[in-house]
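Please consider the sequence and the three-dimensional structure shown below. The paragraphs that follow lead through selected parts of the chain.

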Amino acid sequence: MITLRQLRYLSALAKHGHFGRAAEACAVTQPALSMQIRDLERTLGVQVVERRPGEVILTDVGREVARRGEDVLAASRDLVDFARHRGGVLTGRLTLGVIPSLAPYLLPRILPALQKQFPELRLELRETQTRQLIDDVKSGTLDAAMLALPLAETEIETLKLFDDTFLLAVPANDARPIEQRIKASEIDQSRLILLEDGHCLRDQALAFCATARGGITAAGTAFAASSLSTVIQMVASGYGVTLIPQIAADVEQRDTRVKFLRLENPQPGRTIGLAFRKTSPRKADFAALGDAVKDCVLDG
């Protein structure tokens with residue numbers, strides 16, 4: 001009989017491609033993990049991994065078993081959640097992912113409020129890029145994620161939280177007055193500083209500029225950084241300009257070397273939402289979490 005443990009170990013192998021790293025991720029010894037994988041192969045009557053010096057590659061059958069196993073693991077987590085959280089809303093452990101362009105600006109607002117309103121909630125956070133968050137939600141590693149909408153994922157349900165307008169961050173000595181509305185076509189592509197590849201905010205900024213100017217590309221931008229704080233420091237030092245969400249500008253405006261200009265209507269922006277599996281039994285929790293976030297953003 002196949003066990004959930006074997007499926008978890010196979011999932012770790014698929015992710016890490018190495019017995020040692022997979023064993024470390026599962027908090028077991030490498031021999032113990034290897035033995036469980038061999039037991040899985042004997043039960044199925046097929047080879048699921050191809051063992052090579054220093055690496056592991058899943059066979060075609062192994063990849064399909066791992067894919068189907070993820071569904072089984074997610075269903076088992078949902079079953080546990082259903083049993084554990086029937087007693088009350090937002091109690092116990094909840095794993096939440098947040099994109100990097102949102103986490104340092106939103107979490108300080110919402111965490112104290114959540115702690116006060118839901119004292120029995122044990123929130124575990126992960127900050128990473130959108131693609132990884134989606135994969136982790138689908139696999140059940142995360143219960144939910146806060147990210148930019150929309151998502152083209154049939155397995156995931158979303159809940160809108162708030163709209164986040166984009167502003168143009170420029171050096172404080174920029175000649176344009178703070179009340180001036182900027183046309184998108186006036187943004188100098190050669191001085192545009194963006195986040196590095198993989199950040200949805202980078203893609204959103206490029207899409208907006210491309211619509212306005214017709215054909216702007218990432219190759220024409222001045223610099224790419226791993227965080228918005230780094231981007232703002234580059235702007236403050238006179239290296240360029242950037243598009244920044246309002247929620248981040250509220251914090252970054254403490255740097256007097258930078259000022260923020262609004263763009264002409266219709267102003268660009270993003271919609272922030274909560275994403276979770278359609279099959280999750282914790283939708284009441286997600287609705288309560290969404291309401292708490294909305295309240296914090298409105299009050300902020």
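In this predicted model, the axes of helix H1 (residues 4–16) and helix H2 (residues 19–26) come within 8 Å of each other and cross at roughly 130°. Because of this angle, H1 is classed as oblique to H2. The crossing of H1 past H2 is right-handed. On the H1 side, the contact is formed by Arg 8, Tyr 9, Ala 12, Leu 13 and His 16; on the H2 side, it is formed by Phe 19, Arg 21, Ala 22, Ala 25 and Cys 26. Sorted by class, the residues of this contact are seven nonpolar, one polar and two charged.

Helix H2 may next be examined for burial. Phe 19, Ala 22 and Ala 23 of H2 are buried. These residues lie on the same side of H2, because they cover an arc of only 100° around the axis. The face turned away from that buried side carries Glu 24 and Ala 25, which are exposed. What do the buried residues of H2 pack against? Their partners are H1, helix H3 (30–44), strand S1 (49–52) and strand S2 (55–58).

Ala 14 belongs to helix H1. With a relative accessibility of 43%, Ala 14 is counted as partly exposed, since this value falls between the limits of 20% for buried and 50% for exposed. Ala 14 and Ile 57 are 43 residues apart in sequence, while their C-alpha atoms are 7.7 Å apart in space. Apart from neighbours within four places in sequence, Ala 14 is in contact with Leu 58 and Ala 66.

The backbone deserves attention as well. Most residues other than glycine have a negative phi, and most peptide bonds are trans. Ala 27, which follows H2, is not a glycine, yet its phi is positive, at about 60°. Ala 27 lies in the loop between H2 and H3 and is exposed, with a relative accessible area of 70%. Leu 90 also has a positive phi, near 50°. Leu 90 is located in the loop between helix H4 (60–84) and strand S3 (92–98). Is Leu 90 buried or exposed? At 1% relative accessibility, Leu 90 counts as buried.

Cis peptide bonds are the next topic. One joins Leu 149 and Pro 150, with omega about 5°. Pro 150 is placed in the loop between strand S5 (144–149) and S6. Another joins Asn 265 and Pro 266, where omega is about -5°. Pro 266 is in the loop between strand S10 (258–261) and strand S11 (269–277).

Thr 165 is part of strand S6 (residues 156–171). Its relative accessible area of 24% makes Thr 165 partly exposed. Thr 165 and Pro 245 are 80 residues apart along the chain, but their C-alpha atoms are separated by 5.6 Å. Not counting residues up to four places away in sequence, Thr 165 touches Ile 244, Pro 245, Gln 246, Arg 262, Gln 267, Pro 268 and Gly 269.

A further helix pair remains to be described. Helix H5 (residues 103–117) and helix H10 (residues 283–299) pack at an angle of about 125°, with axes 9 Å apart. That angle makes H5 oblique to H10. H5 passes H10 in a right-handed crossing. H5 contributes Leu 106, Arg 109, Ile 110, Ala 113, Leu 114 and Gln 117 to the contact, and H10 contributes Leu 289, Ala 292, Val 293, Cys 296 and Val 297. By class, this contact has nine nonpolar, one polar and one charged residues.

Key: Residues numbered from 1 in each chain as written. Predicted model: local features only at pLDDT ≥ 70, side-chain atom pairs only at ≥ 80, totals over all residues. Heavy atoms only, no water. Axes fitted to C-alpha atoms, helices over the stretch in contact; angles between N-to-C directions. Helix = DSSP H or I, 4+ residues; strand = E, 2+ residues; numbered from the N terminus. Parallel < 35°, antiparallel > 145°, perpendicular 65-115°, else oblique. Left-handed = near helix turned anticlockwise from the far one by under 90°. Contact = heavy atoms within 4.5 Å. Nonpolar A, V, L, I, M, F, W, Y, C, P; charged D, E, K, R; others polar. Buried < 20%, exposed > 50% of the residue type's maximum accessible area, 1.4 Å probe, protein only. Arc of directions from axis to C-beta.
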